[in-house]
Amino acid sequence: MFLTHLRDDAVSRGGKMKVSRVAGALGAEVTDIDVSASLADGSIGVIRDLLNEHEVLFFRDQCIAPSEQCDMARLFGPLQTHPAYGTVDGLPEVMLLESTEAKPSKIEVWHSDMTFRQHPPSVTVLRGVTIPAVGGDTLFASMTSAYDGLSAGMKAYLEPLVAIHDFSQGFKESLAEPGGRERLAGALADNPPVRHKVIQTHPETGKKVIFVNALFTSHIEGVSPLESSEVLNFLYRHCVLPEYTCRFNWAVDSLVLWDNRSTQHKPVNDFLPASRALHRVVSEGDLPY
Ligand SMILES: O=C(O)CCC(=O)C(=O)O
Ligand SMILES: [Fe+2]
C-alpha cells in the first residue's frame, strides 16, 4: 500500500496533479500530469519544489520526445554530456543506456551520477524506452536520511573529510576491454580525479547529505588506506539500509527525475536475457557546498 498524501499547494499550482509519497525516506509518484503540455504552458515549474521535497519523482505514461526530455532537464540547469556513453542520433545530450544479452549493463553498484566531475549533474531525467516484462527495477536511497541516521560522533568525524572521485575507477570494466583504453583515452585525459567533501550541504534545501559512492569514490584523503576503506565500506552499507530506500518498477514511457546531489541509485540487473533501454539526460544545477 502506498502512503498517500496530497499537497494542496502543489495541486493548485500544478493543475490537478496528484503527489503520492511511496516510501518513508524518499520518492513520490506524480499522477494526473501531462508533462509535455505542462512544459508548453510553464506549469512544470512546480516540479522543482516537489523534487526538493521528495528527492526522486516518478511519472507514468509520458510519451515525450527526446527533445522534450531535454527541455524538462533544462528546467534545472544547462545540460551535460557524458564522455563514455552512446547517445541518440542528433541529440548528444540524450544518453542511451542499453542492456542486452550480448552486452549486459555494467552498472552494478549503488552510485550517484558522474561524481568524477568537479561539477556533477544536479538532476537526472530518465525515461523507459524498452522495458522487460519482469525485473529491471531501479532502487533509490536518500543520502539526506542516511546522514540523519548517523551518530553525532560519526557526523563530527566525517565533517572535515574530503574524498577523491575517479572516472577510471567507475569505468574500470570498460577500460579493461580490448581496445577500451584507446576508446576512452580522451575521456580519461579530460577527467582526472577530483575532490569532493564527504558531507555536503544541498544548495536548495540546506540539508546535509553523505556524498561518497562505491562506483566513483576511490579513497578518503589524508587517512590511512585501511581507515579510508573501512569508513567508506561502513558508509556504503549504511547509506542503503532498506529504511533509506525506495524502488521503482518501470514501464515504457515511465519518466523518473532524481536529485543527484541527495540520492544514490542502482539498477537491478535481474532481467536477462530480456533487453532494457532507457534515455538519460542530466543537468548541471547549483553545486552542493
Ligand atoms: O538503469 C537504471 O535503472 C539506472 C541507470 C543509471 O545508473 C543511470 O541512469 O544513471
Ligand atoms: Fe546512474
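The pLDDT is the predictor's confidence in each residue, on a scale from 0 to 100. Where pLDDT is low, the predicted coordinates should not be read in detail. For the protein as a whole, the mean pLDDT is 92, and 95% of the residues reach 70 or more.

The protein has 11 helices and 17 strands. Its radius of gyration is 19 Å, close to the 19 Å that the globule rule gives for 289 residues, so the protein is as compact as a globular protein of that length. The C-alpha trace spans about 55 × 50 × 35 Å along its principal axes. Of the 289 residues, 39% are buried. Contacts also reach across the sequence: among those between residues at least 6 apart, 79% join residues at least 24 apart.

The surroundings of the ligand come next. Ligand 1 is surrounded by Leu97, Ile107, Asp113, Thr124, Leu126, Thr138, His265, Pro267, Leu278 and Arg280. Strands β7 (123–130), β16 (263–267) and β17 (276–283) are the elements that give two or more residues to this shell. Sorted by class, the shell around ligand 1 holds five nonpolar, three polar and two charged residues.

Leu272 and Pro273 are linked by a cis peptide bond, with omega at about 15 degrees. Other backbone details also deserve a look. Met114 sits in the loop between β6 (91–99) and β7, and its phi is near 55 degrees, a positive value in a residue other than glycine. Asp32, in the loop between β2 (28–31) and α2 (35–41), likewise has a positive phi near 55 degrees. The surroundings of these two residues can be read from their neighbour counts. Met114 counts as buried because 23 C-beta neighbours lie inside 10 Å, whereas Asp32, with 11 such neighbours, counts as exposed.

An α-helix has 3.6 residues a turn, so residues three or four places apart point the same way. In helix α3 (residues 46–54), the buried residues are Val46, Ile47, Leu51 and His54. Seen down the axis of α3, these residues fall within an arc of 135 degrees, so they line one face of the helix. Glu53 also belongs to α3, but with 15 C-beta neighbours inside 10 Å it counts as partly exposed. The C-alpha atoms of Glu53 and Gly27 are 8.9 Å apart in space, although the two residues are 26 apart in sequence. Just after α3, Glu55 takes a positive phi of about 75 degrees.

Thr201 lies in strand β11 (residues 199–201) and, with 14 C-beta neighbours inside 10 Å, counts as partly exposed. Thr201 and Leu287 are 86 residues apart in sequence, and their C-alpha atoms are 9.1 Å apart. Leaving aside neighbours within four places in sequence, Thr201 is in contact with Gly206, Lys208, Pro288 and Tyr289. Ser224 is found in the loop between β13 (217–220) and α11 (225–239). With 10 other C-beta atoms within 10 Å, Ser224 is exposed. Ser224 and Asn213 are 11 residues apart in sequence, and 19 Å separates their C-alpha atoms.

Terms used: Residues numbered from 1 in each chain as written. Chains lettered and ligands numbered in written order. Predicted model: local features only at pLDDT ≥ 70, side-chain atom pairs only at ≥ 80, totals over all residues. Near = placed C-beta within 6 Å. Helix = DSSP H or I, 4+ residues; strand = E, 2+ residues; numbered from the N terminus. Nonpolar A, V, L, I, M, F, W, Y, C, P; charged D, E, K, R; others polar. Rg over C-alpha atoms; globule rule 2.2 N^0.38 Å. Buried ≥ 20, exposed ≤ 12 C-beta atoms within 10 Å, placed from the backbone. Contact = placed C-beta atoms within 7 Å. Arc of directions from axis to C-beta.
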